[in-house]
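Subject: Structure handover

Hello,

Here is the structure for you to look at.

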Amino acid sequence: MASARKLQAEIERVLKKVQEGVVVFEECWDKVVNASTNALKMKYEADLKKEIKKLQRYRDQIKSWASSSDVKRKQPLLDCRKLIETKMEAFKVLEKETKTKAYSKEALSKAKRKKKDPKKSPFYHHVVWIDSKVDDLTQQIEELEDKLEGLRSGSKRQVRANQDQIEEVQNWVERHNWHIEQLTEVKEKLTSKEISKLQVDEIKDNVDYYVESNQDPDFEMDDEYTYEPIEEDAAEFESNLADEDDDDDDDNDDDEDDDDDKSERKKAT
């Protein structure tokens, strides 16, 4: 009896995980469909693929239980398996469409134009920096999701006790994803010359600090305004920057004039 109750509890836990996973899958699907740029679409498709792989793992476990004589109520398992397979089929269609578009005539012609040495691009070093930050954040998200999985496993009492930690980790995952979206957009704007390299330079220190220090115990940062310089028009940004430099030069000139006046007064005395 005890083993039967334990098995049923495990089945119910997995069925609940599947329902939660389907919700996340559908949220990712909506993001893919509504993505404003190709770069974001690719990022969301990668997230979608990760979610479908999780569902596939649950499907394998469900198939095993459904074929076991130890499980009497099989219908919930069969329904859940069918739900997962429906999402798998939808993802397969999406993936096929993406690959077809990638090999279209337009895509092939773009690929030919892009065969130039990327190091010769004027944006090369900035793009490398952006990609490295996105990779770092993606790695951190994977680690956080592993931690989240551990916090959500165990008895209901343990999960309730871990609720504050679960919410904190979820918040970090959301913040990291937001930064990845912003950086992906920055990269696209930079390579299409909508923004300047100077604007990217302006956000580097804050992004580096967030990526490198966000898990430090004393980390504190209002990152809401990190990407403000990117919102400006490139020409306007550089013009404002030039005005600031002119103001600094004027201040230096005034200081030099004051020094000259002091020298003249000393000579007079």
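A helix here is a DSSP run of H or I with at least four residues, and helices are numbered from the N terminus. Please keep in mind that this is a predicted model.

Positive patch

Lysine 156 lies in helix H6. That helix covers residues 156-161. Lys156 also belongs to a surface patch of positive charge, where it gathers with Lys16, Arg157 and Arg160. Helix H6 gives the most to this patch, with three residues. Why does lysine 156 count as exposed? Exposed means over 50% relative accessible area. Lysine 156 has 69% relative accessibility, so it counts as exposed.

Negative patch

There is also a surface patch of negative charge, made up of Glu142, Glu143, Asp146 and Glu149. Glutamate 142 is found in helix H5, which runs over residues 124-152. Its relative accessibility is 37%, so glutamate 142 counts as partly exposed. The partly exposed class sits between the buried limit of 20% and the exposed limit of 50%.

Aspartate 223

Buried means under 20% relative accessible area. Aspartate 223 counts as buried because its relative accessibility is 10%. Its side chain makes a polar contact with the side chain of arginine 175, at 3.3 Å.

Best wishes

Key:
Residues numbered from 1 in each chain as written. Predicted model: local features only at pLDDT ≥ 70, side-chain atom pairs only at ≥ 80, totals over all residues. Heavy atoms only, no water. Patch = residues over 30% accessible without salt bridge, like charges linked within 9 Å, V, L, I, M, F, W, Y side chains within 5 Å. Areas by Shrake-Rupley, 256 points an atom, 1.4 Å probe, with all protein chains shown as cover. Salt bridge = Lys/Arg side-chain N within 4 Å of Asp/Glu carboxyl O. Lys, Arg positive; Asp, Glu negative; His and termini not counted. Charge placed at Lys NZ, Arg CZ, Asp CG, Glu CD. Helix = DSSP H or I, 4+ residues; strand = E, 2+ residues; numbered from the N terminus. Buried < 20%, exposed > 50% of the residue type's maximum accessible area, 1.4 Å probe, protein only. Polar contact = N/O pair within 3.5 Å; in protein donor to acceptor, adjacent residues only side chain to side chain.
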